[in-house]
Amino acid sequence: MKSKKLPITLIFLLFCDFVGSRSLWAYQWPVEPRILSVFAQGGRGGFERGIHILASGSEVKPIEEGELVFSYLEGSTASIPYPLGSFLVLQHGSTLRSLYAHLDLGSSVLNQEKKIYPKGDVLGKSGLTGATSMGGVSLLVYDLEAKQFVNPFLLLPPVKDTSRPIIRDVRLEKKEKTVPLPTTEIVSRGMWEVTAEVFDLSGAVPTFWPMGVYKVSLYLNGQERFMVTMDTLKEQEGVTRVHPSSGLSYDQLYFKDGFRMKLGTVNLNPGVLNLEIAARDFVGNEKNQLYRFRVE
Amino acid sequence: MNDKPHRYGFLLYSLILIGYIGLFPLPLGKELLLDLQWICSIDAPVSITENQGTQLAKEKSIGFVLGKTLGYISDAGDLVYKESVLHAAVVTDRGFINYSAIPEVLVVKDSRGNILSTLKTEGYPFMRKDRLFIVSADGCGVAEVTLEGEVRWKKDFNQLITSMDAGTTVTAVGLWDGTLLLLGPTGEVITQEKLTQGPYSVIYLSALTKDDRMLGVVFGLKPQRGILWEKTPTGYKRVRSFQLSSDFRRPMQGILDANTGMFIIEDSEGISLIGRGEKETVRIALKERIGAIAASPIDGLFLFCTQQDEGYKIRGITYEGRKVFIKSLPTREPFWFQGVEGAYFVGFNKRILKYRVVLG
């Protein structure tokens, strides 16, 4: 019996060694992931199409081997100016593109002798080019086939984060009335819009730095009435929408500035109701908030 | 009887002589040259008094950005206004926007520094043929605005804009998936076309003539290709498709000249002049990198500056590809070059120089 078990144990140990020595993820972070803003978050009058990572003067590497297809050096007269600062665009295979913005490229990019960037190569250094006050790199990932920006968190290895999202300032709103939750007052029946500030806090900086979340749901008496997940951003009839979960545009999901979200309209019937909001960040940390109130 | 051969002989000699003069004309002793009109030092104090300012703002002056200074110079070559550039600046004859890296609010001022309007945006402004645009913070949207602060139209493409140009009423937008859009005066899509070249579909250059008559683009890789369209009563029709030797993976320098219909573009080996006809291609070999290009309908030339380690050169070339003149400017300082209605403005070493092309 012992002699039969030995090869199986050896194969298992070899397998463990193989897994341990290789990353299970095909893609890698361009720099250490100290996240400052996340995909599809609000706050700037439009969806964020990528993520911003805090990094000062760090070497920026491609998420995967790719071929240079576009580059911009800040100040180039041949181009329109980009608030993205100096950036490079790599193509991975035939469908995926990644963009690395706010780089410090020097003038080397003008020569463009280098066209293929293996995974371990350095694209440039994270800098302060373009519209950024905190040095770092913005990463955008685009699927050419599906014509949509993809949430980089869906491709990249998970990051360490234990803090749960924050749900605050929840309100029931209709034309001229606002009921903040929780409430002890009796709410009138009818259609109410639910709004709330929903955000996650960045651990990259010691100050209060809100970021978006990955998923938000609204339940009324246990039934899901609203759900959005920030997977991709796709253009439909000239409007960018969150896909595939909700198809909501920026104006349908967020108030103009900040992190106040529109969580849909609910029809409140008389009785004691349970309204629950659930938020999940990009790592998987969840926060649930339950409100119980009477409707007449 | 013997007169006839003499008469034919005379005719033959006359024809040979006319042909010879036509083919090998005698030099007149004159050639086209760049003639210096004036030099203006941008370190000099502004040469007007405060109460002259409002009047001067209405007078024609040339705006410039040279390094970290922007300003205006009168027709006579006097510095009439200057200020330090924050992050970058857009300067036109009618006014300018001097903006910081994170703008939030763009302030539009006239050529004397009087505030004309303000625009709330996180994008960066740029001009194309006297039309003002603002590209969004992530480069995926654009808006046309007026100097008075009115938003004419706004578009979001959910894709990176990789090239853009404007005519009088239409706007050409090239996207990173190879989509070319032609937008009308209110931003409406007039026509849309997907240009693919191998697996790499990026539009590196879009150019429109000032009169909207012609549209040209360069796109794709391996090889890089170009297309010329011409406006017809039923829309824009392709008139020529061509291949380039270049392999640029960045925005390219190029203009489409309204007078000649020539598409003048930088090439990997120099510069290419692409006409409407299949055989209308002139390639000019150059070792230096191409900087700005300026067409000159008055002189029948186009001028462009090139850059190499020793400095800059301004070259005048005919549309047939004949090199007319080269002017070397041995400087590695910030450089500025612009052609306006037959006059050429060059800035380097904290000076602005005005040239005209003359027969001398």
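Start by selecting chain A and colouring it by secondary structure: you'll find two helices and 21 strands. Keep in mind that this is a predicted model, so colour chain A by pLDDT next. The average there is 89, and 90% of the residues score at least 70.

Now pick residues 16-22 of chain A. Here pLDDT stays under 50, and the model gives this stretch zero contacts beyond four places in sequence.

Go back to the whole of chain A. Of its 296 residues, 39% are buried. Look too at how the chain folds back on itself: among contacts between residues at least 6 apart in sequence, 64% join residues at least 24 apart.

Next stop, the place where the two chains touch.

Last, hop over to chain B and show its open sheet of four strands, in the order β13-β14-β15-β16, with antiparallel pairing. Which strands sit at the edges? They are β13 (161-166) and β16 (189-194) of chain B, each pairing on one side only. From one strand to the next, the twist averages 15°.

Zoom in on β15 (residues 179-183) of chain B, which pairs with β16(B) over five bridges in the antiparallel sense. Click L180(B), then find its bridge partner in β16(B): that's E193(B).

Conventions:
Residues are numbered from 1 along each chain as its sequence is written. Chains are lettered from A and ligands numbered from 1 in the order in which they are written. This is a predicted model: local features need pLDDT of at least 70, side-chain atom pairs count only at pLDDT 80 or more; totals for chains, interfaces and linings use all residues. pLDDT is the predictor's confidence in each residue, from 0 to 100. Two residues are in contact if their C-beta atoms, placed from the backbone, lie within 7 Å. A residue is buried if 20 or more other C-beta atoms lie within 10 Å of its own, exposed if 12 or fewer, and partly exposed in between; C-beta atoms are placed from the backbone. Two strands pair if DSSP finds at least two bridges between them. Axes are lines fitted to C-alpha atoms, for helices over the stretch in contact, and angles run from 0 to 180 degrees between N-to-C directions.
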